[in-house]
There are 4 protein chains.
Amino acid sequence: MAVKIGIIGGSGYTGVELMRILALHPEAELVAITSRQHKGKSVTQIFPSLHCFEELVFMEPDLEAIAQKADLIFTAVPHQTAMEVVPFFLERGRKVIDLSADFRIRSQLVYEKWYQAHSAPEYLEKAVYGLPEVYRDEIRQADLVANPGCYPTSSILPLVPLLRSGLIKPAPIIIDSKSGTSGAGRSASVATLFCEVNEGFKAYKVGSHRHTPEIEQELSAAYGKELKITFTPHLVPMNRGILSTIYADTEPDVTTETIIYRLREFYQGSPFVRIHPEGVFPNVCHVRGTNYCDMGALVTEGGRLVMVSVIDNLTKGASGQAVQNMNLMFGLDETLGLMAPALYP
Amino acid sequence: MAVKIGIIGGSGYTGVELMRILALHPEAELVAITSRQHKGKSVTQIFPSLHCFEELVFMEPDLEAIAQKADLIFTAVPHQTAMEVVPFFLERGRKVIDLSADFRIRSQLVYEKWYQAHSAPEYLEKAVYGLPEVYRDEIRQADLVANPGCYPTSSILPLVPLLRSGLIKPAPIIIDSKSGTSGAGRSASVATLFCEVNEGFKAYKVGSHRHTPEIEQELSAAYGKELKITFTPHLVPMNRGILSTIYADTEPDVTTETIIYRLREFYQGSPFVRIHPEGVFPNVCHVRGTNYCDMGALVTEGGRLVMVSVIDNLTKGASGQAVQNMNLMFGLDETLGLMAPALYP
Amino acid sequence: MAVKIGIIGGSGYTGVELMRILALHPEAELVAITSRQHKGKSVTQIFPSLHCFEELVFMEPDLEAIAQKADLIFTAVPHQTAMEVVPFFLERGRKVIDLSADFRIRSQLVYEKWYQAHSAPEYLEKAVYGLPEVYRDEIRQADLVANPGCYPTSSILPLVPLLRSGLIKPAPIIIDSKSGTSGAGRSASVATLFCEVNEGFKAYKVGSHRHTPEIEQELSAAYGKELKITFTPHLVPMNRGILSTIYADTEPDVTTETIIYRLREFYQGSPFVRIHPEGVFPNVCHVRGTNYCDMGALVTEGGRLVMVSVIDNLTKGASGQAVQNMNLMFGLDETLGLMAPALYP
Amino acid sequence: MAVKIGIIGGSGYTGVELMRILALHPEAELVAITSRQHKGKSVTQIFPSLHCFEELVFMEPDLEAIAQKADLIFTAVPHQTAMEVVPFFLERGRKVIDLSADFRIRSQLVYEKWYQAHSAPEYLEKAVYGLPEVYRDEIRQADLVANPGCYPTSSILPLVPLLRSGLIKPAPIIIDSKSGTSGAGRSASVATLFCEVNEGFKAYKVGSHRHTPEIEQELSAAYGKELKITFTPHLVPMNRGILSTIYADTEPDVTTETIIYRLREFYQGSPFVRIHPEGVFPNVCHVRGTNYCDMGALVTEGGRLVMVSVIDNLTKGASGQAVQNMNLMFGLDETLGLMAPALYP
């Protein structure tokens, strides 16, 4: 029997991407979706790309009604809003996958330093960080999954195996990330107007992006000790995709071959991670619309590791990963509904 | 039992798109694909977007071997090359869907005026023009389907119902089409370099594009008499999509409502054609990667009809339509493997 | 002595483009620029592209102060706002070039039908329509120039010579225009977000765009009798540029050669209009950032004229043309400050 | 009297950009330009963006004829071709600015390791590296200027002042660069087709790009000792622009303020370098078509310096810098012909 799904917050790109994936999922039934802005209108009317949801109508966020209908709730609302609705569903025995940042940071102190006061800190410990390649078993048992950020997904996957096995040093770790513009969301703003982004390229929030503590939390866990990173996000004139170029120092005698071998070993049972052979580096265009994370690696003569990882920020970086988590939470095949090839060109 | 499929010419955008769709088709098995350029290499190695074809290896065009393995052959080679291989398969009782222009024009004279000498003219009459919304029954019985061109698909679908029912006059008919750059193919050329196309916009082959006789053939058939059109294609700095803006004169008392009613009536049983309500016009971004053709229409005060249609040039304009034809030829549901929502944004 | 210039409304793309051009103009001195939003900040701080205006500070629209400093005022504010400030300057003997639509339509009735009530109708008759290639002498004498719209500039220039000389029929005239996104301005809006425009293409305001009466006014004047057009604007995923494809019926025996000859004759003394030879059609990328209007023409076998014209919507379609008008109004060489080649690629 | 200029190799983007700049230069006269491919055709016919060169005709590379006409020769041909023609002009007392890599590397050994055998090694020592902000005086006296590469320009300018003054450590220095596609040139190739680049993002030549030794040479000179860098170039779906994100470790007690102060001090007399205030980082769109290099800097809590620099790869990264060098070599104002604001948007 299909999983009955409610989505809170269906008018952003993350919500739309979630619907796009669920539309073809053989074991999912979307029973309710909310949007204050579009309430009363059919999903297809607002988003003609979603041709199959003509009958589905955006409703106001009536939590009680949704809790009654749905087994699983995806919260695709901004942080701070998420923490206000998530406990409601958990208290009624529903499972929740939260796509905001509200339950990703285990430490209340760290969360409140980077974001704002947390109104449901009791759930911080219970939430499982929804990166299946690292926390597969925990996700299977979880009631609340904190779906990772897009930059963190692209940064943590390449580094966890290497930090765990001590192939690289914990400092310096430099993550230079480049993201498509859909990461900035679907709200009106001058900074993300077509003419401001097209034919432009910039770094932003240098040294201060909120994904930093999330990445540090997971890399520290992999290393076994607290570590710090340098993280610089950039805005790319394209719709989708994140490419992260990662720099670290290897331990003595670690070669490109060692690195690739280790990554392949670690991700053997992870169908969505592909490690390219030596000399081959990935392009975001080859994972567009998919749940894949592709990687390439090189150790330079001087012993510096250069890794490049790519994901689709809306899919593996958000809604695809959320569905992967759903599959695990409901005992389904991890890849169900997620195997469509990339849309290229 | 799945249809066994061979593809001749798998290294262009059309071939890649065909594989992308077939990858998820529940009743299709891709058993052979040819590419002189890439022979011996796995499909996934050359096109990492196609993650599921790691085991499939590009082979030389050994027609005999393919005829033995495949029930259906898609020819995704340039015109003139197609006419050389298509008869081989037909003579061996295989079905063929030809994505080139070689069998689209029924009149040898017209074909040879716009293209070059035809080496297999005996098949021109036997070929069925593969526009399912117009020739569904014929396609079901066909051995050879001539898959329509991208511009013709976007132009014929809006006009056929109106010409058949006499709602518009046969002249003037002006078709102003705008295509994404994938329509120009995947061969190296200065004119389609990124820097030449990006931030540019141009008309090309004004008054002389080879899709003109194809459109005229089908519109004349719908009207019942020979008619001529004015057709201007343009190149848009985007990867996929065709938008055609079509101008015609209505017969007296024909309103927007009449037009929309007629279109909806005609396309009632055609799941891939969507007629927008009055005042709403389509955007190519909402059909990206899908087999849909969306349309909007307006009759101006002066009685001029303005119609706008959109398709994805690689999907409904080529490979998606080819799979739709395959479904019909093999008694499958017309929409099988073709219902994924558009990738937006 | 340089012309002293004030700009009302300096925070939109039109204002920025005006400053870009004036920065290099040898006979212009920008003495004041207003912006409520940015007041007190230097132009270079807000627009780092304008490196030479570090000392120039955005001020509030203090009309009195500006009238005292400036000989010429460019109003680069939205329509309806323009009509509120223009009379102030005219009454004080200043010259005004208005980049809004407020003084382009000679008939108050027509203006009010398409826009809203007009608060300064007495100036409608006095304003000169600022298309130098058509009204050069009138502009030289004008106190108030109504700078043409971008679509009208690209549409009127190709058609005026042909209508005046009776080479084409007055109906049908179909203008299918495609514009870069800067035409939509620099205000926050979902519809012009990068991800909504990029990889998309749409028609908009089909049959109802406000540039229609402006084009009809000027074409009717050229023809000598009232005529109507069909006008469809489209949005292109590029920053700058308009390409208009224009369809009309020729009078008997009019050939491509006739058309090209006539256009060249008409524009002989107009340095910014270039007529391409037969078989050559223009690309917007070749006029980017310039004041040029390039055209190509073809008469089809059936006697239909297809013309293609390109301009940069911000330059010849707005601020460049405004400076061309300024040059004429102040007795300067028409091309002064406007001869930089296009930025290609 | 104007400098008489010949350009060898005028059909690439670098040659076109050179002509664009020279068109408005008050002290330059372009007397000859070569192109085997386009010989006999006017520049404007091939490149309609260059409206002012209708009379200038591409000629074959007749070196003798050019040496007789020109005072200064720009060689805008690929490396290896450049070394074959440069000595010819120098021997005849002409000045040369070479835009290829052939004379940038002082050590023949290093050159031959990264490129190929050098046929004119005697000129390696005589050539001056044409980065005016570093070698202004030497350029004034030079006969042969080796115009820097685009990535090196964007990398060396931010780092030289800091290495010279010992504010940062010589290792690690990581340069993560992102370039627009015009850097790949104007030759037909599948990899730079619109559909391959648009909506894509990739790193390329990881650990092996030929600009590495050029950057290392100049940074080592600034530091006073041999140093090594890690350099990763990326391809951005835009026409123009390079943004380099640079990571280095600061010496104790070096703050963001220190860095910015030092940079401003160093570049005080360099009109094309702009140092942004703390917290502000540059965007390539603000230097489009200009000779500017804009920078921003931040020292993180952990003492890591993050710098971001932007240039237009065709202007400051190639042809603009070449004209800046010409100005110095001929005793002209360094900024002559180079002060046009950026084309934004």
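Among contacts in chain A between residues at least 6 apart in sequence, what percentage join residues at least 24 apart? The answer is 70%, with two residues counted as in contact when their C-beta atoms, placed from the backbone, lie within 7 Å.

This is a predicted model, where local features need pLDDT of at least 70, side-chain atom pairs count only at pLDDT 80 or more, and totals for chains, interfaces and linings use all residues. Residues are numbered from 1 along each chain as its sequence is written, while chains are lettered from A and ligands numbered from 1 in the order in which they are written.

**View 1. Chain A on its own.** Chain A carries eleven helices and 13 strands; these are DSSP runs numbered from the N terminus, with helices (H or I) of at least four residues and strands (E) of at least two. Its C-alpha atoms fill a box of roughly 60 × 45 × 40 Å along the principal axes. A compact globule of 345 residues would have a radius of gyration near 20 Å, and chain A agrees, at 20 Å. That radius is taken over C-alpha atoms, and the globule rule is 2.2 Å times the number of residues to the power 0.38. Of the 345 residues of chain A, 60% are buried, meaning that 20 or more other C-beta atoms, placed from the backbone, lie within 10 Å of the residue's own.

**View 2. Where chain D meets chain A.** Here 36 residues of chain D are in contact with 36 residues of chain A. Elements of chain D giving two or more residues to this side include strand E7 (168-179), helix H8 (194-197) and strand E10 (242-250). E7(D) has the largest share, four residues. By type, the chain D side splits into 18 nonpolar, ten polar and eight charged residues. Nonpolar covers Ala, Val, Leu, Ile, Met, Phe, Trp, Tyr, Cys and Pro, charged covers Asp, Glu, Lys and Arg, and polar takes the others, Gly among them.

**View 3. Where chain D meets chain C.** Now it's 24 residues of chain D in contact with 24 of chain C. Helix H1 (residues 13-22) of chain D gives the most to the chain D side, with three residues. That side divides into 15 nonpolar, six polar and three charged residues.

**View 4. The axis relating chains C and D.** Rotate chain D by 180 degrees, with 0.0 Å of shift along the axis, and it superposes on chain C with an RMSD of 0.0 Å. The two copies are therefore related as by a two-fold rotation axis. In chain D, the C-alpha nearest the axis belongs to D:Leu343, 4.0 Å away from it. Both copies use the same surface, as 100% of the contact residues of chain D recur in chain C.

Key
Buried ≥ 20, exposed ≤ 12 C-beta atoms within 10 Å, placed from the backbone. Least-squares fit on C-alpha atoms with pLDDT ≥ 70 in both.
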